[in-house]
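Reader: I am new to this structure. Please show me how to read its features one at a time.

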Amino acid sequence: MGIETAMTGIAAERIAADWHAALAALAWQLDAGVDEVLGEGPVDRFALAAETAARPPASARSTAPAAAAAPKPAPRPAEDPVAVARAVAAAAGSLEALREAVQGFELCDLKKGARNTVFSDGNPKARVLILGEAPGRDEDIEGKPFVGRAGQLLDRMFAAIGLSRHSPDAEAALYITNVMYWRPPGNRDPEPAEIAMMQPFVTRHIELVDPEVIVVMGNTPLSALTGHRGILRARGNWVTALGRPLLPMTHPAYLLRNPIAKREAWADLLALKARLGR
Ligand code: URA
């Protein structure tokens, strides 16, 4: 092997190694929820923030003689997101007003990484309100809750007892929403602080729809409305939340992973059907 051939071999190995490293880095980013390209090159926002902070304000950069130093305004107390959410949610007098209030709420960081606010789907006159956890990738793209694989299973489950989100008849209709209106990155569970921040909106949402019965799908909405976790023990047992009957059920994503649990989910659906007198 001549020296040039050896060099070419080394270069080829390096390219292959770089290729594998780049692929691994990409996979890692996808796992972390980075699934969209926003720019051609990376931006170090920490460096940008430091640069902006170090730069004197425009007034100080002007060539005019410096005016007497104005008294500094007192720093504004940091906004308490839960208190803001409570005030904004309470002021919403209709579902449309609440939708707009949620869309305009900027204090939840999940909103920054989401494509869409996923507010609800279905018939607001429905007797049954289904409360899920948070949008996933498909819901984030479509802007509607439960449209991915788990959502398709949910539709089939409720269709089996004659209920549908598409029904114009309140008797046979469903209204569907989530505890969280934006997709958490990488489909992680919403954090307690995020749930607490959005809770006033969820509570107001349920008040405005005023369903006869709430069905929670999985642990996150169970704990948001009752303060308890342990969906596998709680499922099928009616409790009261927000002054109305609440039926805990296992999440359809859990049923996709554990098809054996569909038998119990079917029993829960029959209990719901009986409760509605259908
Ligand atoms: N899982 C949920 O809990 N909600 C959705 O909207 C989608 C999947």
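The dialogue below takes the features in turn.

Author: The model is predicted: local features need pLDDT of at least 70, side-chain atom pairs count only at pLDDT 80 or more, and totals for chains, interfaces and linings use all residues. Residues are numbered from 1 along each chain as its sequence is written, and side-chain values use heavy atoms, with hydrogens and water left out.

Reader: How many helices and strands does the protein have?

Author: Helices (H or I, at least four residues) and strands (E, at least two) are DSSP runs, numbered from the N terminus. In this protein they come to 13 helices and six strands.

Reader: What share of the residues counts as buried?

Author: Buried means under 20% relative accessible area, exposed means over 50%, and partly exposed lies in between, using a 1.4 Å probe and protein chains only. Of the 278 residues, 37% count as buried. Accessible areas come from the Shrake-Rupley method with a 1.4 Å probe, and for residues only the protein chains shown count as cover. The protein exposes about 16500 Å², with carbon and sulfur atoms supplying 58% of it.

Reader: What do the contacts say about the chain?

Author: Contact means heavy atoms within 4.5 Å. Among contacts with a separation of 6 or more, 72% are between residues 24 or more positions apart.

Reader: How many aromatic pairs are there?

Author: Rings of Phe, Tyr and Trp (its six-membered ring) pair if their centres lie within 6.5 Å; planes under 30 degrees apart count as stacked, over 60 as edge-to-face and the rest as tilted. A search of the whole structure finds three such pairs. One of them is stacked: Phe 119 and Tyr 181, 5.6 Å centre to centre with 20° between the planes. This pair links distant parts of the chain, 62 residues apart. Phe 119 is in the loop between α6 (110-113) and β1 (121-122), and Tyr 181 is in the loop between β3 (174-178) and α9 (192-209).

Reader: Are Phe 119 and Tyr 181 buried or exposed?

Author: Phe 119 has a relative accessible area of 2%, so this residue is buried. Tyr 181, at 0%, is buried too. Tyr 181 also forms an edge-to-face pair with Trp 182, at 6.5 Å centre to centre and 75° between the planes. Trp 182 is buried as well.

Reader: Which residues surround the ligand?

Author: A residue is near a molecule or strand if one of its heavy atoms lies within 4 Å of it. Gly 132, Glu 133, Ala 134, Glu 139, Pro 145, Phe 146, Asn 178 and His 251 surround the ligand. A ligand oxygen is 2.7 Å from a polar backbone atom of Glu 133, and a ligand oxygen is 2.9 Å from a polar backbone atom of Phe 146. For His 251, a side-chain N or O atom is 2.8 Å from an oxygen of the ligand. Taken alone the ligand exposes 240 Å², and the protein buries 91% of that.

Reader: Where do residues other than glycine have a positive phi?

Author: Most residues other than glycine have a negative phi. Asn 187 has a positive phi of about 55°; this residue is in the loop between β3 and α9 and is partly exposed, at 43%. Leu 242 has a phi near 50°; its place is in the loop between β5 and β6, and at 38% relative accessibility Leu 242 counts as partly exposed.

Terms used
Polar contact = N/O pair within 3.5 Å; in protein donor to acceptor, adjacent residues only side chain to side chain.
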